[in-house]
Amino acid sequence: MSQCFSLTETRTRCFISTFTSSGLRSTITDLKDGTIMHCWVPKTRTESKPNLLLIHGLGANALWQWGDVIRHLTPFFNVYVPDLVFFGGSYTTRPERTEQFQAQCVMRVMEANSVKRVRVVGLSYGGYVAYGAAAQWPEVVERVVVCCSGVCMEEKDIKDGLFPVTDLDEAVDILVPQTPQKLKELVGYTFYKPPPLWWLPSCFLNDFLDAMCRDYAEERKELVRTIAKGRKISDIPKISQPTLIIWGEHDRVFPLELAHRLKRHLGEHATLVVIKNSGHVFNSAKAKEFYNHLKSFLLDLQPPAVQSTSQKCQNDHE
């Protein structure tokens with residue numbers, strides 16, 4: 001029986017072309033402890049540019065989650081885009097599954113590339129990793145952008161009804177989908193206006209699952225469980241770097257309440273921007289607006305546009 005044409009492979013080739021034409025190259029770093037890290041790094045680093053680290057979330061690898069904005073960022077930054085452990089070309093034989101371990105692996109890649117100061121952006125699960133890097137390496141991480149990441153969630157929030165599902169195992173099965181039906185559920189949760197998938201043959205959905213979701217599936221599920229297990233706000237360190245919090249107004253994966261929690265947790269060090277008419281994946285659905293916020297915050301010492309937007313969001317919330 002013939003297989004469907006691989007949309008996933010075709011799209012991946014397009015992203016690779018975008019990354020390479022944006023001045024990046026693929027590298028492998030052996031951390032010498034059973035961990036191999038893949039990372040896109042500048043072909044040529046420009047010392048006058050700030051360094052920027054982009055950390056992806058659970059949904060796919062670095063290529064897929066940053067492909068829509070990468071060409072807008074490389075003119076202004078030396079950009080580094082790693083695959084987290086158990087994604088893309090990164091893996092480990094070590095037993096650690098915490099975001100702190102992921103942060104350590106990413107920062108060791110930065111060290112291997114002689115990056116001494118860096119600005120960090122994390123999407124969803126990547127936001128946990130970015131926050132962990134900022135907490136562990138305050139002398140290296142200059143600024144932080146946390147995007148739709150439930151850093152200030154607590155384990156009890158799941159049973160208390162903050163999320164659409166009240167069972168952790170059910171959440172894990174959706175966040176790490178293994179069947180076309182679970183993939184459709186994930187898309188339904190992540191997009192404000194989900195694209196219609198009902199017309200796609202199952203072979204197309206399975207093609208994406210084979211390429212993006214089925215390798216290291218159990219390890220990825222452990223990553224999700226480890227995030228939630230025993231999590232309390234009182235245990236979360238407060239970072240002191242300037243921090244931009246970006247959230248989709250209608251996020252169903254990590255509800256907007258968690259954005260306001262993080263803002264309260266960090267106080268004056270943080271600015272909150274809510275992207276209207278968007279869900280969890282605003283980095284794709286609202287790529288231009290997302291990029292504009294990133295550029296303003298990461299390049300400007302005093303980003304007035306972001307500050308005023310933050311104040312408006314705070315007033316709306318109150």
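Helices (H or I, at least four residues) and strands (E, at least two) are taken as DSSP runs, numbered from the N terminus. The structure is a predicted model, in which local features need pLDDT of at least 70 and side-chain atom pairs count only at pLDDT 80 or more, while totals for chains, interfaces and linings use all residues. Residues are numbered from 1 along each chain as its sequence is written, and side-chain values use heavy atoms, with hydrogens and water left out.

Grid points are joined across faces, edges and corners, and a volume is the space filled by probe spheres set on the points.

The largest pocket has a volume of about 1300 Å³. Its lining comprises 49 residues, with Gly 59, Leu 186, Thr 190, Phe 191 and Val 281 nearest the centre. At least two lining residues each come from helix H1 (7-21), helix H2 (62-66), H5, H7, helix H8 (180-190), H9, H10 and helix H12 (282-285); H8 gives the largest share, 5 residues.

The second largest pocket holds about 260 Å³. It is lined by 17 residues, of which Glu 99, Gln 100, Arg 231, Asp 235 and Ile 236 are closest to its centre. H4, H5 and H10 are the elements that give two or more residues to this lining, and H5 supplies the largest share, 5 residues.

Helix H10 (residues 217-228) has 12 residues and should span 16 Å at 1.5 Å a residue, which agrees with the 17 Å between its end C-alpha atoms; the expected span is 1.5 Å times one less than the number of residues. Ala 217, Arg 220, Lys 221, Leu 223, Val 224, Ile 227 and Ala 228 of H10 are buried (under 20% relative accessible area, 1.4 Å probe, protein chains only). These residues cover an arc of only 150 degrees around the axis, and therefore lie on the same side of H10; the arc is that of the directions from the helix axis to the C-beta atoms. Just after H10, Gly 230 takes a positive phi of about 65 degrees.

Conventions:
Buried < 20%, exposed > 50% of the residue type's maximum accessible area, 1.4 Å probe, protein only. 1 Å grid on protein atoms, 1.4 Å probe; cavity = no way out; pocket = protein on both sides within 12 Å on 5 of 7 lines; lining within 4 Å.
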